[in-house]
Structures are given as structure tokens and as C-alpha cells.
Amino acid sequence: MAGDRLRLVLAALSAGGDGCSSARLCQACPGIVDVSGAGVMLMSGEIPRGSLCTTDGVSQLIEELQYTLGEGPCLDAYQQDQVVAEPDLADPVTRRWPAFTPPALQAGVRAVFGFPLRVGTVRLGALNLYRDLPGPLTGDQHADALVVADVAARWVLEAQAGAPPDMLAGELEAGADFHFAVHNAAGIVSAQEGISVTEALIRLRAFAFSSDRLLADVAEDVIARRLRLG
């Protein structure tokens, strides 16, 4: 059964003759798992690096909210190294993500599911699935999502293996949003305030949250010297 499921997932991911790619990983996911949309967030240590791919504007917003606010299903799935499910954001079983939940609901998200991306002990990020209607995943949907997450994790590792040291593989960078401006802004704040880059990123997030702005927009103001934190 597991082998059959893997073959079906791989066939869906390679449909169209282009083989597996970051865009195809996300585009095929709603059909495979029967959800409204999907996204893949990559992580490094405790820091989200950005979105590898998304299926639509709502899934892109989900990724952006998590990156800006530092909370959400992908981050919990990665940090806890386990599947995180919230079948109804409007009436959650576990009340969490106080900053993430209101704008996600406003965007039409009713259920979210995070599946960690890992190969052995190597953790890479998380697969995020959302539905516009409340309700848990079925057993088959859950199993399909686990296979997709495993395939995605192995593809990321294989793609990066061929890249030069300290450089991101072209296959991963194409179509992705790794928030390079945010990392540049964190470096600027780190130098200005004499703090670590991690602390600078926390301050950028706090400012974005308190001013009800996206982190990317705040970063652009820091880089353009229109804003100085501290």
C-alpha cells in the first residue's frame, strides 16, 4: 500500500513531462491531498528562510504571516518535528497562534495542517496545507500528505547537493521567496544596534506586528534608510 501510494504521488508530481520541481510540488498538492492550497516553507535552525513555493494568494499569505509573526502551523511542525493540525481555526481545539489566526480567517482559511520536511535527522522546513472549509484530514489524506512531505524533503536535499558551497541551488531559488531583503535588513539593524542577527530579526518582527505591516515592507524601509529601529 505504501509503495502504491508513493507511485501515485510521484506520477502526479511529474505529470506534464517536466518532472518534479518546486512549483510542481505545490501545484500538485491540492489534487493529491484534496485541500484548497499548499505551501512549502524552508527553515534553518530556528529561523524561517522563506517560502519555496505556494499555490495561490491565500497560501502565499499564510506563508507571509508565519514569516512575519513567527508563529503558525509550519513553524510548529518544524520545531516540534511532528504533524500539526488545526481542523477549525474559528473554533480551535487548541488555542494558539493569536496573531496568525485572525488575518488567516479573514483571508478565508478555516483549517491548516503542517507536515515537517525531514530526511533522517535532518530537518528542512514544513509543508503547509489549508482548506477553506473546516474539518480534519481523512486517514488517506493524512497518508498522502506524509508522502508528499517526504518526497519534497528528499527533492530539496538532492537539489541543494549539486550547488556550490554557501550558495542556494538554482532549482530552489527559481520562483521562491526567501526574503533576502529581510535578511539584509536584519544585518543592517544588527550593525546599527550592536546585536545579533537573530535579535535583529526579532526586533523587525516586533515592529512589523505592532505597526500592522508585513515584515517585507518594513525591511524595505530599513534598507532604504527610511526607518531605523532602536
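**Tryptophan 97.** I started with tryptophan 97, which I found in the loop between S3 and helix H5 (101–106). Helices here are DSSP runs of H or I with at least four residues, strands are E runs of at least two, and both are numbered from the N terminus. I noted that this is a predicted model, in which local features need pLDDT of at least 70, side-chain atom pairs count only at pLDDT 80 or more, and totals for chains, interfaces and linings use all residues. Residues are numbered from 1 along each chain as its sequence is written, and side-chain values use heavy atoms, with hydrogens and water left out.

I then looked up the backbone: tryptophan 97 is not a glycine, yet its phi is positive, about 55 degrees. Most residues other than glycine have a negative phi. Is tryptophan 97 buried or exposed? It counts as buried because its relative accessibility is 4%; the cut-offs are under 20% relative accessible area for buried, over 50% for exposed and in between for partly exposed (1.4 Å probe, protein chains only).

**Aspartate 212.** Aspartate 212 sits in the loop between helix H9 (197–210) and helix H10 (215–223). With 73% relative accessibility, aspartate 212 counts as exposed.

**Valine 83.** My next stop was the loop between helix H4 (73–80) and strand S3 (84–86), where valine 83 lies. Valine 83 counts as partly exposed, since its relative accessibility is 28%. I checked its contacts (heavy atoms within 4.5 Å). Setting aside neighbours within four places in sequence, valine 83 touches Gly114, Phe115, Pro116, His142 and Leu146. Its C-alpha atom is 7.3 Å from that of phenylalanine 113, 30 residues apart along the chain.

**The core.** Which residues touch the most other members of the largest nonpolar core? I got Val40, Phe115, Leu117, Leu127 and Leu129, out of 32 residues. Such a core is a set of buried Ala, Val, Leu, Ile, Met, Phe, Trp, Tyr and Cys residues joined through side-chain atoms within 4.5 Å. Elements giving two or more residues to this core include strand S1 (37–44), strand S4 (111–119) and helix H6 (139–161). H6 supplies the largest share, nine residues.

I also followed valine 40: beyond four places in sequence, its contacts include Cys26, Leu52, Glu63, Leu117 and Leu127.

**Whole chain.** Among contacts between residues at least 6 apart in sequence, 58% join residues at least 24 apart.
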